[in-house]
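Keep the sequence and the model side by side. We will walk from strands to helices.

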Amino acid sequence: MAIADRNTVAAGPRTRVRPFTRADVDAWQSWPDYADQLLVGTSPRRMSPDQRSRWFDDITQRQRQIPFAVDDEHGTMIGRIFLRHVRAEEGSAVLGIDLHPAYLGQGYGTESLGAFLHHYFENMGFERMLLSVAAHNIRARRCYESLGFKTVGSHWDAHIGPDITGDSNFAYVRNFFRRGPLGLETLFYDMRLERAAWPAV
């Protein structure tokens, strides 16, 4: 997909990134829930058509998020990239990204985010990108690290999803969970990528 295609802001060999539209909300709603018990809490929030319109207006107008869609080589929307807490005076924004469950683990996230970073730093003029990633989401952490993100801190927040702490299949991530003021909590790593460091990746 050529980067010169209409509405494309960034492109990789198999992906293109473009502005996210109201119609994309419907496409996102058609995604299945994540089968992975660690990710099920981040499955699409199910909404009626009216709720979808209100949700889209809320994030783009009231919250002033800047959303993008990720399409594959066939034009199917397979991901979302959101810029939240945009602070123009600081040249920063907080990244949110997710992929259709069928496309996880195939490099689509790394490819599309890597291409988007060029648009983010060079065209949009930001100085740094911030994000928080669940410590148990090892796949996502590796993606961010491969693109140059550095861990700068951590915090605990409420875990959204089933309680897997008693399941022996998840013993390898049990240390990332605790019982706290918010109930079952999970550890998040705070990561940052500076514009000055990005071209060196």
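In strand 2, Arg-16 is the bridge partner of Ala-11. Strand 1 (residues 10–11) and strand 2 pair in the antiparallel sense, over two bridges. Four residues lie between them, and the two strands form a hairpin. Here, strands pair if DSSP finds at least two bridges between them. Helices (H or I, at least four residues) and strands (E, at least two) are DSSP runs, numbered from the N terminus.

The model is predicted: local features need pLDDT of at least 70, side-chain atom pairs count only at pLDDT 80 or more, and totals for chains, interfaces and linings use all residues. Residues are numbered from 1 along each chain as its sequence is written, and side-chain values use heavy atoms, with hydrogens and water left out.

Strand 2 also pairs with strand 3. The two run antiparallel and are joined by four bridges.

Now turn to helix 1 (residues 22–29). Its buried residues are Asp-24, Val-25, Trp-28 and Gln-29. Seen down the axis, these residues fall within an arc of 145°, so they line one face of helix 1. Buried means under 20% relative accessible area, with a 1.4 Å probe and protein chains only. The arc is that of the directions from the helix axis to the C-beta atoms. What covers this set includes strand 2 (16–19), helix 2 (49–62), strand 3 (66–71), strand 4 (77–87) and strand 5.

How do helix 1 and helix 2 cross? Their axes come within 10 Å and cross at roughly 125°. Helix 1 and helix 2 are therefore oblique to each other. The contact is made by Arg-22, Val-25, Asp-26, Trp-28 and Gln-29 of helix 1 and by Pro-49, Arg-52, Ser-53, Trp-55 and Phe-56 of helix 2. Contact means heavy atoms within 4.5 Å. Axes are lines fitted to C-alpha atoms, for helices over the stretch in contact, and angles run from 0 to 180 degrees between N-to-C directions. Angles under 35 degrees count as roughly parallel, over 145 as roughly antiparallel, 65 to 115 as roughly perpendicular and the rest as oblique.

Ala-140, Arg-141, Cys-143 and Tyr-144 are its buried residues. They cover an arc of only 160° around the axis, which puts them on the same side of helix 4. Their cover includes strand 5 (92–99), helix 3 (108–123), strand 6 (128–134) and strand 9 (183–194). Gly-148 follows helix 4, with a positive phi near 105°.

Notes:
Buried < 20%, exposed > 50% of the residue type's maximum accessible area, 1.4 Å probe, protein only.
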